[in-house]
Amino acid sequence: MTRLWPTLSRPIALLVAISSAQAFYIPGWSIRSYVENEAIPLQVNKVYSDNTQLQYAYYDLPFVCGPTGQKHAGYASGRRVSLNLGEVLRGDRIMASDYDLWMGQDNECQFLCNHSTDRKGIQRAQQLIEDGYVAEWIVDNLPGATSFVTVDKTHKYYAAGFKLGYKDLSPISGQPRYFINNHHTFVIRWRKAPGRAGRNGGRVIVGFEVYTKSIETGHRDRLGCPQDLRAESEGMELFVEHNKTQLRPDSSHLPPVGNLDDTPITIPYTYSVYFREEEKIDWSKRWDLYFNNQEESTSIHWLAIVNSLVICGLLTAVVVMILAKTVIGDGRKGSKESGVETGMIRTKAKKSRNGNRSPREKSNGLLDQKNEGEQDDEMSSDEEFIEDITGWKLLHGDVFRAPPYARYLAPIVGSGTQLVFMATGLLILSTFGLLNPSYRGGFVSVGMGLYVFAGLLSGYFSSRIYSTFGGKDWRSNTLLTALLFPGLLFSSIFILNLFVWSQASSTALPFGTLIGLVALWLLIQLPLVYCGGWYGFHRSEPYEHPTKTNSIARQIPEQAWYTKSIYSILIAGLVPFAVLFIELLFIFQSIWQDKSGYYYVFGFLSVVSLLSILAVIEVTIVATYVQLCAENYHWWWQSIFIGSGSAIWISVYCSWFYWFRLHIQGFISGLLFFSYSFMACVVYGLLMGTVAFLTAYAFVRRIYGAIKAD
């Protein structure tokens, strides 16, 4: 280990430097400056909740002011903004709005509209408020945020979005009351633009805060604005009166449907705009306030890295011992001994009962006689040699025998290499800040592009492994590679989409997007896989094996319990999971629990990912060596299962997170959580299984190439 440390010290130092960068934000990209009195567009997007997985387009809500079609800041309200694939997949539906914002011009109150809504609209609003929905609006690519201050009042941070309303209990009847936030105060923070734009009076936006208030319909001026915005007033309660008997005005209780008056209620919407100069925030750092828990969680991320390093260090020591014993030791012994000759094992010389040579071994004279000590040394070395060749070396004629269902092994490994390329590219781009929150949906869009482009690698590796197994029909293998895994994934997403469509949620993929995904799959990825498959089969030689395969398969002896498939998979999968589970908690919180925050510590994620891959590699070497020592040569599929074993533990972790950490409501939301979690575990398992297979293949070829066998 002392010799190994100088070799590992530089990579570890590089990883630490990357993790400390924490995926810095690259400044100077798409800086938009505004001059005094220039119109600023405000775009509305969607509403979402931490308690459900269903999102809705803001303008699809029946109780908000709809678009009028008039132009504001050069865009007609209601006009859809062009979205990339990642934005569509994450449920974004961005549209231009009717809000007027002019750089530097404060507006204490501006009337927007009086919106009439019926009983169904009120019930819908009450349900969304009950579920804790928040709205997302956008100014200069910044999501409108609710501002918070830490307990010690030293730090300010943002939570993306703002609440649609709030709920309380009536002090008289005890019934729940629902209030809609019908007044929005926009605080836009700006600073002088850098460079020439700043010298010409340009300003850049570094913050967009939204403060909400519920204001009753009365006490308004002739323009529709409240007479005193700062005064305490009754909120805008959502309730419907009984058509015969008046309900109390402080009650939100809805009688049965047949007893309700269909007369709609009118909700007045107003807004205020304030511009404030902010010199402490640079444009390149304007997203930092959205990473609310980043500083507090840094120590936990470092703890995860230290934990991973300790585990990988112990595994490295074990792997070095195995390699020293099998490759280095056997290589020396193979050059000194005859090894395994013509499939037969050399037997050791026999000793008589009195300790001398057997009478069948004749001596040629005094020159051939040895002293007793030399004879004992020779006999002990022979015994060690016999012990060594009674384990994994006996499998030299079967270890490269084609596995059962080899037709499916090559496409699976090919699809796995596609995922490895995609994940590597995403981590590199995210770590160096090329994928950042300002590029909304960029992570998914770039990931999809990398996955499609990696079809070349998928076809190449699949065809080359297929030809190694003696396959001839490379075209059918290529089609299976291009259609098997993507087809299963697309079918699952399509079935889930049917459930989401029934809820009229923006989470559902539009039909045009589904057609586009199919075209991307069949018209671009499939030809790339075909090209890679042709090159791997016709222009590349099959992988060469150092030993020949016997015509008759060797019988596998009874296996110990820990070498049996399910036990070895669970035990081996526990080690990479131990490396990952701390970082998984932050990822799950960002995706499922706190959608108002952003996960952006990709530096730490890259380090942990590399350590988990290293753990999978080392665990695979140990598990494969133990399996071969047990004279079990069925390592092909087993190596994939060993690598994907941690996916089983992650799926268990997902179930624990759902039952004990989340508060998701509704059958559809639960179905989406478990379905997407299962698909993520399958993708992760295939990725790590491919890494494990390539590791095991290289390890087996290396150790059997180090011995002398005919």
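**Tyr 59**

I looked up Tyr 59 and found it buried, at 14% relative accessible area. I use buried for under 20% relative accessible area, exposed for over 50%, and partly exposed for what lies in between (1.4 Å probe, protein chains only). Tyr 59 sits in the loop between β3 (56–57) and β4 (71–72). Helices (H or I, at least four residues) and strands (E, at least two) are DSSP runs, numbered from the N terminus.

This is a predicted model, in which local features need pLDDT of at least 70, side-chain atom pairs count only at pLDDT 80 or more, and totals for chains, interfaces and linings use all residues. Residues are numbered from 1 along each chain as its sequence is written, and side-chain values use heavy atoms, with hydrogens and water left out.

I then listed what Tyr 59 touches, leaving aside neighbours within four places in sequence. Contact means heavy atoms within 4.5 Å. The partners are Val 44, Cys 65, Gly 66, Pro 67, Gly 78, Met 95, Ala 96, Ser 97 and Asp 98.

Ser 272 lies in strand β17 (residues 265–277). Its relative accessible area is 1%, so I noted it as buried. Beyond four places in sequence, Ser 272 contacts Asn 107, Glu 108, Cys 109, His 183, His 184, Thr 185, Phe 186 and Leu 229.

Tyr 567 belongs to helix α12 (residues 565–593). Tyr 567 counts as partly exposed because its relative accessibility is 42%. With neighbours within four places set aside, Tyr 567 touches Trp 561 and Tyr 562.

**Whole chain**

I counted 16 helices and 19 strands. Of the 710 residues, 49% are buried. Among contacts with a separation of 6 or more, 79% join residues 24 or more positions apart.

Helix α8 has twelve residues. From first C-alpha to last, α8 reaches 16 Å, close to the 16 Å expected at 1.5 Å a residue. The expected span is 1.5 Å times one less than the number of residues. The buried residues of α8 are Gly 442, Ser 445, Val 446, Gly 447, Leu 450, Tyr 451 and Val 452. Their cover includes α2 (85–89), α7, α9, α10 and α11.

Helix α9 (residues 455–468) has 14 residues and should span 20 Å; its end C-alpha atoms are 20 Å apart, which agrees. Eleven of the 14 residues are buried, so α9 is largely enclosed by the rest of the structure. Among the buried ones I noted Tyr 460, Arg 464, Ile 465 and Tyr 466. Their cover includes α7 (406–431), α8 (442–453), α10 (474–501), α11 (511–539) and α16. After α9 comes Gly 470, with a positive phi near 90°.

**Helix packing**

Next I looked up α14 (residues 636–643) against α16 (residues 667–705): the axes come within 7 Å and cross at roughly 135°. Axes are lines fitted to C-alpha atoms, for helices over the stretch in contact, and angles run from 0 to 180 degrees between N-to-C directions. The pair α14 and α16 is therefore oblique. Angles under 35 degrees count as roughly parallel, over 145 as roughly antiparallel, 65 to 115 as roughly perpendicular, and the rest as oblique. Trp 636, Ser 639, Ile 640 and Gly 643 of α14 make the contact with Met 688, Gly 689, Ala 692, Phe 693, Ala 696 and Tyr 697 of α16. By class, I have seven nonpolar, three polar and no charged residues for α14 with α16. Ala, Val, Leu, Ile, Met, Phe, Trp, Tyr, Cys and Pro count as nonpolar, Asp, Glu, Lys and Arg as charged, and the others, Gly among them, as polar.

Helix α13 (residues 602–629) packs on α16 at about 50°, with axes 9 Å apart. The pair α13 and α16 is therefore oblique. On the α13 side I noted, among others, Ile 613, Val 616 and Ile 617; on the α16 side, residues including Met 688, Val 691 and Ala 692. The α13 and α16 contact divides into 14 nonpolar, four polar and no charged residues.

Last, α12 and α14 pack at about 40°, axes 8 Å apart. Ser 565, Ser 568, Ile 569 and Ala 572 of α12 meet Gln 638, Phe 641 and Ile 642 of α14. That contact of α12 with α14 has four nonpolar, three polar and no charged residues.
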